[in-house]
Amino acid sequence: MTEDARKSGMHRLVLSDEAATRRLAADIAAILKPGDIVALSGHLGSGKSFLARAILRALADDPTLEAPSPTFTLVQSYDTPRGPVLHADLYRVRSPDELDDIGLIEEIEQIVTLVEWPDRAGTRLPAGRRLDILLDVDPDNPETGRIADLSGGVLWKQRLSIAVASRKLIDSAGWGEAKRDFMLGDASTRAYERLTRPNGETAVLMISPPRPDGPPIRLGKPYSALAHLAETVDAFVAMDKGLRSLGYSAPEIFAQDLTTGLLLIEDLGSEGVLDAERQPIGERYEAAALLLADLHRHTLPAILPVAEGRDHVIPEYDRQALAIETELILEWYAPHIAGVTLPAVTQAEFGRIWGRLFDEILAATATWTLRDFHSPNLIWLEEREGLAKLGLIDFQDGLLGHPAYDLVSLGQDARVDVPASLELRLLAAYGAARRAATPEFDLADFARAYAILGAQRNTKIAGIFARLDKRDGKPGYLKHLPRIETYLRRNLDHPALAELKGWYQAHMPKLFETE
């Protein structure tokens, strides 16, 4: 491999046998998207067709798929669960102009394209979406071994690095033979895969590369920095170790690549805190409230270890973070959902009201705030005992904040309707447990902070869901907005929020329109 190849991000893989080639095919298939081009080069007999066929079978999720070589037909199309795929063999193509006649180029942005002998296409295959794989026989293992040099265009470089690093991590951890299945991701840039060994044992691959900086919006900082969102996987590792040290069921970490942002972690399963109709199971929600009460009785550190000589400082849920989150409703919900444009003086009044409320929140003693303590991130582990019955995930954005915040996340679950009666039950259970550990605990003061933070959180979420629809093209989150609006109105009824309620009634009356 030349020095220029190294600088361009080329990866060289030694494939010891056909099984290793099939694993490479599965790894590539897992990250392919419509518009991607896999360009397979190499001498006759180097294994191009074998790798292409293996990729096709992985995309089709059918290891027995008939995939004849298109040497004579030039192209062969397939309908797969991942969308249409075109397999082309250009060995007999004499000029790039012939590609128009065989229909290779016309829909290339909507399909996955596998191309053997891509050099015959000249410059007709877009470079940005192209993954080049050069195959050769391994001289040290000529019977079954192959060497694959992988390099990608601008849209492939990070994906390729993650794919290669993931395979290295999985193999080194002893999970090389596991089947990999994509799991539903969250609203962030993280992705997850479930790994299943032949014996049925499972683990989860968490893919969380360093967060790229968005555009600066204040003080030269992007939103993620202002809101103290986790920049690297270090935050998850640190919080995970901290929670496990207290006896809670956070996932065990089997292997990690902190540089790339990869973790192989314990699979806590899929049994949650909702019933078959996706309604809250009261006993499980109450168990979650009691876990929070137990967590909040501890004096917790602000710095947690990640690895030898590497620590994570838990950020504070400070005024800047609280404010930038509430302002999302002004930027996204107000124009896109409420249909109003708010002048600067009105927005300034909004900030002034919130500033006084934040004074109360910031005066309290801070504790670990896991930040998204709600049904998607709570796993029920029936076989475990006590507080360990509740599995915890998705806590990497944890901060040092008011203890009421996580109870709000639970009692005003963004994705399921929590009846007011259950919410009061959670508050009562939490308050009783806190008083038992700390007799001076004041439930009335806590309930006041709960209402303030409930309004803050639901104000933030209303803005986020509107942004996910308007900016990110994810309208599915809008179905949750009526629930968020109901929670927000519920919080605004607390006497501590009378002035804020008046502002909302005057400037966002749509919020109070109920069917």
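Student: How many bridges join strand β2 to strand β5, and do the two run parallel or antiparallel?

Tutor: Keep in mind that this is a predicted model. Four bridges join β2, residues 37–41, to β5, residues 112–116, and the two strands run parallel.

Seven strands make up an open sheet with mixed pairing, and the order across is β1-β7-β6-β2-β5-β4-β3. The edges belong to β1 (11–15) and β3 (75–80), each of which pairs on one side only. Going from strand to neighbouring strand, the turn is 20° on average, direction ignored.

Next, look for what lies on the sheet. Helix α3, residues 48–60, lies across β2 and β5, and also across β3, β4 (83–89) and β6 (130–137). Against β5, α3 runs at about 165°.

For a helix-on-helix packing to set beside that, go to α13 (residues 420–437) and α14 (residues 443–470). Their axes come within 11 Å and cross at roughly 135°, so α13 and α14 are oblique to each other. The crossing is right-handed. On the α13 side the contact is made by E423, L427, Y430, G431 and R435, and on the α14 side by L443, F446 and Y450. Sorted by class, the residues in that contact are five nonpolar, one polar and two charged.

Technical notes: Residues are numbered from 1 along each chain as its sequence is written. This is a predicted model: local features need pLDDT of at least 70, side-chain atom pairs count only at pLDDT 80 or more; totals for chains, interfaces and linings use all residues. Side-chain values use heavy atoms; hydrogens and water are left out. Two strands pair if DSSP finds at least two bridges between them. Axes are lines fitted to C-alpha atoms, for helices over the stretch in contact, and angles run from 0 to 180 degrees between N-to-C directions. Contact means heavy atoms within 4.5 Å. Angles under 35 degrees count as roughly parallel, over 145 as roughly antiparallel, 65 to 115 as roughly perpendicular and the rest as oblique. A crossing is left-handed if the near helix is turned anticlockwise from the far one by less than a right angle, and right-handed if clockwise. Ala, Val, Leu, Ile, Met, Phe, Trp, Tyr, Cys and Pro count as nonpolar, Asp, Glu, Lys and Arg as charged, and the others, Gly among them, as polar.
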